[in-house]
Amino acid sequence: MNTVWIVDDDRSIRWVLEKALGREEISHRSFTSANEALQELENTSHPPKVLLSDIRMPGETGLTLLQRVKAMHPQLPVIIMTAYSDLESAVSAFQGGAFEYLPKPFDVDQAVALVRRAIDQSTHQEGASEDTSLAPEILGQAPSMQEVFRAIGRLSQSHATVLINGESGTGKELVARALHRHSPRRDAPFIAINTAAIPRDLLESELFGHERGAFTGAAAQRRGRFEQAENGTLFLDEIGDMPSELQTRLLRVLSDGNFYRVGGHQPIKANVRVIAATHQDLEERVRLGLFREDLFHRLNVIRLRLPPLRERREDVPILVRHFLQRSAQELGVESKRVSEGAIKYLQALPFPGNVRQLENLCHWLTVMAPGQIVEVADLPPEMRDQPTRETPVNWVDGLGLETDRLIAATPGEVFDRLTREFERTLIRRALTATGGRRIEAAQLLGIGRNTITRKIQELGMDEDRNHAVDHNADSED
C-alpha cells in the first residue's frame, strides 16, 4: 500500500519528494495530474494516508482535487503545494480542509516532517474514534475541584448566602450558576451583574431600580436586578469593588430583606438568594477600611475557594479536550487533538488567566493550528517562548518540557544547547560540593582530571569566579 501520493505536473518536484521520502523509507506513489490521481482514488480500496498536491496543473486544479478527495475521504490529510503563494490560494486551501499549505520552494526536511505529522494524524484517526460528546457544566478531577463539587452538593437544598473566592478566570460565575441550578430556586431567574463593570453613579439604579422622575433621564419606572431575580438567585461578581455607599444599601437588604428603588418611598420585599464573588482578599480590604466588616460577615456565611489552574494541573487534559470540542462545534469543523508532549508542556505553564486563558488558547488552536494533532510548535509564539515556572515531578520530565520548548523556539540548536547546559550544571554542582577543587570534583563525577579542565575551558567556565582553580590536572583519563 502506498502511504503518500504525490500529485504534481513538475517532474523535478516529484523527483525531489520521491528521493526524500525514499530515504525516510516512506512508501509513495506519484501522479502527473489531479485527473490521474482521482481516477486511481475512485478505483482503489486502499487510499493513501497522505496526499500532496500542487494547485496549478493541466486539467483539474489542486483545489478541485482537494474538494473531491475530502468528499470521498474526509479524514485524509491533504497538503497543498504551490509556487504562487497568494492569500486567496491559502485561504481557499484551508477552507477546503487542507492539512497544510506548503509554498514552493520548500525545505525538503520541512516537507518530510510535515508528511510525517500528516501520517501520524491519519494513523491516529484510523486507530481510534473519540467520543465527541461535550463534558458536564464544570470539569475537574483534581482534589481541590472535587471539594468544590462536594460543597455544591451539600448546598443543594440551602438558601444560604455564598461567597466565592478565586482569581480571575477560574470560573466563579460557572460555580454560581451551578449553585443556582442545584438549589430549590432552580426554576426562578438567575441574574448576574459585575459590580466593577458598571459606573458607580448607575450601579444603584441597576441593582435596586428607580422610580419615574427619580433623576434626569428617568422617564419611566425601572425594575432593578433584585426585583428581576425575585425567588431566584442574584450573582454579584467582583463584590470587592463595590462603592462604600452601595455596600451600606446592600447590607440593609441582606439584614432585613427590604430595599427601596431610587426615588421611591415604599419598601420592597426581596426574596432573593445572594451569591457574591471576588478575586480580592476581602479581609485585607476590611482591614484597610475599603470594605465594610459587617457586610463581609453577612456575605461570608458559606465560602467557596476556587483553585487557580496551576493548582489543578491534572485537569488540563480534560479541559483542553472539552474546549477544543466546543470550539469545533461552534465553528462547524472537526475537533483537534493535542499531543501528549504538548499536553505536558501546557501543564507546566503558569496560566495567569487560568481556565479562561486555556479556553481562549483552545479556540485559537481550533482556528490557527495547521494539523488535527496539535504539537508544541503549533502553540502561539508567546507560549512557546516562555519557560515553565513550576518544578516538574522529576528532572526527566523537566528535561522533556525544556526540550519541547526549545524544539519550538530554536530548532536546530536543541542538542548542543541542552548538552552544554547539562555538562555545565554537573561541573558547577560538583565544584560547589568540593569548594572549587577540580580533582575532587572530577572524582565525584567519575571523569578524569584533564577532562574536567578541558570541559571547563570548552564551556567558558574559566571566568566563573565562584570556583577556585585547581591547576593540578596533569594526566588524561
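User: Leaving aside neighbours within four places in sequence, which residues is Q280 in contact with?

Analyst: N165, G240, D241 and R285, once you set aside anything within four places in sequence. Keep in mind that this is a predicted model.

User: What makes the pairing of the Q280 and D241 side chains a polar contact?

Analyst: The cut-off is 3.5 Å between N or O atoms, with one able to donate a hydrogen and the other to accept it. The Q280 and D241 side chains come in at 2.8 Å, so that pair counts as a polar contact. The side chains of Q280 and R285 are also joined by a polar contact, of 2.8 Å.

User: And where does Q280 sit?

Analyst: Q280 is in the loop between strand 11 (273–278) and helix 11 (282–287).

User: Why is Q280 called buried?

Analyst: Buried means under 20% relative accessible area. Q280 has 15%, so Q280 is buried.

User: What about D54, and why does D54 count as buried?

Analyst: D54 has 6% relative accessibility, and the cut-off is under 20%, so D54 is buried. D54 is found in strand 3 (residues 50–54). Beyond four places in sequence, D54 touches V7, D8, D9, G62, M81, T82 and K104.

User: Which UniProt annotation covers D54?

Analyst: An unreviewed UniProt entry carries "modified residue: 4-aspartylphosphate" at D54. That comes from the record, and such annotations may be inferred rather than shown by experiment.

User: Which members of the largest nonpolar core touch the most other members?

Analyst: L207, F226, L234, L236, I239 and F291, out of 29 residues. Elements giving two or more residues to this core include strand 7 (190–194), helix 8 (200–208) and helix 12 (293–299). Helix 10 gives the most, with four residues.

User: What makes a set of residues count as a core like that?

Analyst: The members are buried residues of the nonpolar kinds, joined through side-chain atoms within 4.5 Å. In soluble globular proteins, nonpolar side chains tend to be buried together. As for F291, its contacts beyond four places in sequence are I239, G240, Q247, L282, R285, V286, F296 and L299. There's also a second, separate core of 26 residues, including V355, L358, C362 and L401.

Key
Residues numbered from 1 in each chain as written. Predicted model: local features only at pLDDT ≥ 70, side-chain atom pairs only at ≥ 80, totals over all residues. Heavy atoms only, no water. Buried < 20%, exposed > 50% of the residue type's maximum accessible area, 1.4 Å probe, protein only. Contact = heavy atoms within 4.5 Å.
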